Amino acid sequence: MAKYDLAFIAQMITQIQETSHKRLSISVLEKNWQSPVFHIRVTESSTGAEGYSDDPNLALAIVKATHECIERFHYFSQSELHFSTNGFATHFDKSLALKSAREEICERDAFFSLWLLKRACKILPLKNFLNENSQISLQIMQNLEKTGIKFILGQIASFDSQIICLAQIQGRDSALDFDCALFPVIAESIEKCFETALIDSCRLLNGFFTFKKQGKWQEFRDGVKDPNMLFSTIDHLRYY
């Protein structure tokens with residue numbers, strides 16, 4: 001996401017609230033896994049569309065979650081839902097929204113090409129990306145190690161000036177005792193993919209530990225067996 005002046009972000013959040021007739025509600029989610037990021041949920045009241053985001057900067061986390069909520073609101077508002085969500089994006093800047101939509105298509109195409117064709121990806125040495133200038137990444141990696149979570153990153157494709165990687169977290173040695181979770185990331189460099197994937201792992205793990213705290217972890221692990229019952233991103237994660 002492009003960097004914004006915090007005063008501009010605050011102004012945009014106020015404008016979004018006013019133009020949506022205050023249908024958007026913002027929640028700071030409880031941290032059930034220790035990470036240096038804020039977990040934000042934005043909900044639109046008429047459709048129940050939700051957007052989630054995580055970022056070390058609270059204002060940016062709110063803006064990104066609002067973006068995702070607006071994307072899902074417009075998707076759910078369509079009269080016909082036969083089309084794919086690939087390439088759905090929103091942004092304050094039209095050109096950046098188009099760019100994000102195009103990148104999402106490329107990211108998903110790269111992931112499913114790897115998945116369906118059973119290709120291997122190039123595993124990247126994580127020590128190359130950790131240094132004294134990446135305190136957030138260092139802290140997340142330390143927390144992952146303390147929790148018994150293994151983090152793996154592999155490069156799967158590139159296009160134009162963008163790199164696409166596949167991240168994996170393994171939890172066989174953790175209190176959660178799960179095999180793995182996969183998620184693709186796209187950025188202008190491998191280093192940025194690494195940073196983004198680590199923050200995304202915080203979102204997943206906070207959700208996992210929340211399910212465990214609520215006594216719903218076993219139900220979540222049992223998964224969704226029927227592909228016709230895939231109604232949310234969580235359902236897809238449980239199915240695969």
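Helices (H or I, at least four residues) and strands (E, at least two) are DSSP runs, numbered from the N terminus. Angles are between N-to-C directions, from 0 to 180 degrees, with axes as lines fitted to C-alpha atoms, for helices over the stretch in contact; contact is heavy atoms within 4.5 Å.

Quick housekeeping: this is a predicted model, where local features need pLDDT of at least 70 and side-chain atom pairs pLDDT 80 or more, while totals for chains, interfaces and linings use all residues. Numbering starts from 1 along each chain as its sequence is written, and side-chain values use heavy atoms, without hydrogens or water.

Now, E2 and E3 belong to an open, antiparallel sheet ordered E1-E2-E3; strands pair if DSSP finds at least two bridges between them. E1 (24–28) and E3 (50–55) each have a single partner strand, so one side of each lacks a neighbour in the sheet. E2 (residues 38–44) and E3 share six bridges, and Arg41 sits opposite Tyr52 in E3. Helix H2 also lies across E1, E2 and E3, at about 155 degrees to E3.

Over to the other sheet: four strands, open and antiparallel, ordered E4-E5-E6-E7. E6 (residues 162–171) pairs with E7 over nine bridges, with Leu166 partnering Pro184 of E7. And here's H5 (residues 190–213) again, lying across E5 (150–159), E6 and E7, at about 140 degrees to E7.
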